[in-house]
Amino acid sequence: VVRDAAGNCLAVVAMVVDVTTQRRQQLLQQGQAHVLGKLYRNHTLEEVCAAIVESIESVEEGLLCSILQLNPSTGTLHKIAAPSLPDFYNAAIEGMRIGDGIGSCGTAAFRKHRVVITDILNHPYWARARRLIEKTELRACWSQPIFANDGQVLGTFAIYYNEPREPGPSELELITSAADLTALAINHKKALAV
């Protein structure tokens, strides 16, 4: 507080520090530790993936996630974890075939690279699922492939929002980290099964 000679307040000088990035990193690290603990204690893949989704969704308000696993013999995607997405939506996309231009996840798994759709109601990749999407509040979907150690696609990690939205650098880093952590979990479980 800056005061005059009579003690009256003339001004207030303050410093504001944005701790959003540090808080996001702290939440992400806590989530990773929780997930690794579940892996160490040999929880099921579904439990580990549910913990991954929970930790990523806690990082930012309004963020919804899914983990889909690819069945390589049928070329279809199957839900491992998507607790915040509507049940009817999860049921409708269960067993979706991958392919070029088939939603965000189907395209990401097929092309083997990230697919960012900022407005799914107006994007051609979602034209076949337009009626389904209109029944939800989902409006943006970014999907990152999950890779095996040999480079094969294991599935996809998707982030949804209820508004059209473009990812920033921190959000792209978040989806990459989430897909990498999921890859670690799936690869670990596969190695134990051998």
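## Terms and basis

A residue is called buried under 20% relative accessible area, exposed over 50% and partly exposed in between, with a 1.4 Å probe and protein chains only. Because tryptophan 142 has a relative accessible area of 1%, it is buried.

The model is predicted, so that local features need pLDDT of at least 70 and side-chain atom pairs count only at pLDDT 80 or more, while totals for chains, interfaces and linings use all residues. Residues are numbered from 1 along each chain as its sequence is written, and side-chain values use heavy atoms, with hydrogens and water left out.

## Aromatic pairs

The whole structure holds two aromatic pairs (rings of Phe, Tyr and Trp, the last by its six-membered ring, with centres within 6.5 Å; planes under 30 degrees apart are stacked, over 60 edge-to-face and the rest tilted).

Tryptophan 142 and tyrosine 161 form a tilted pair, at 5.1 Å centre to centre and 50 degrees between the planes. Here the link runs between strand E7 (residues 140-147), which holds tryptophan 142, and strand E8, which holds tyrosine 161, 19 residues apart. Tyrosine 161 is also buried, with a relative accessible area of 2%.

Key. Helices (H or I, at least four residues) and strands (E, at least two) are DSSP runs, numbered from the N terminus.
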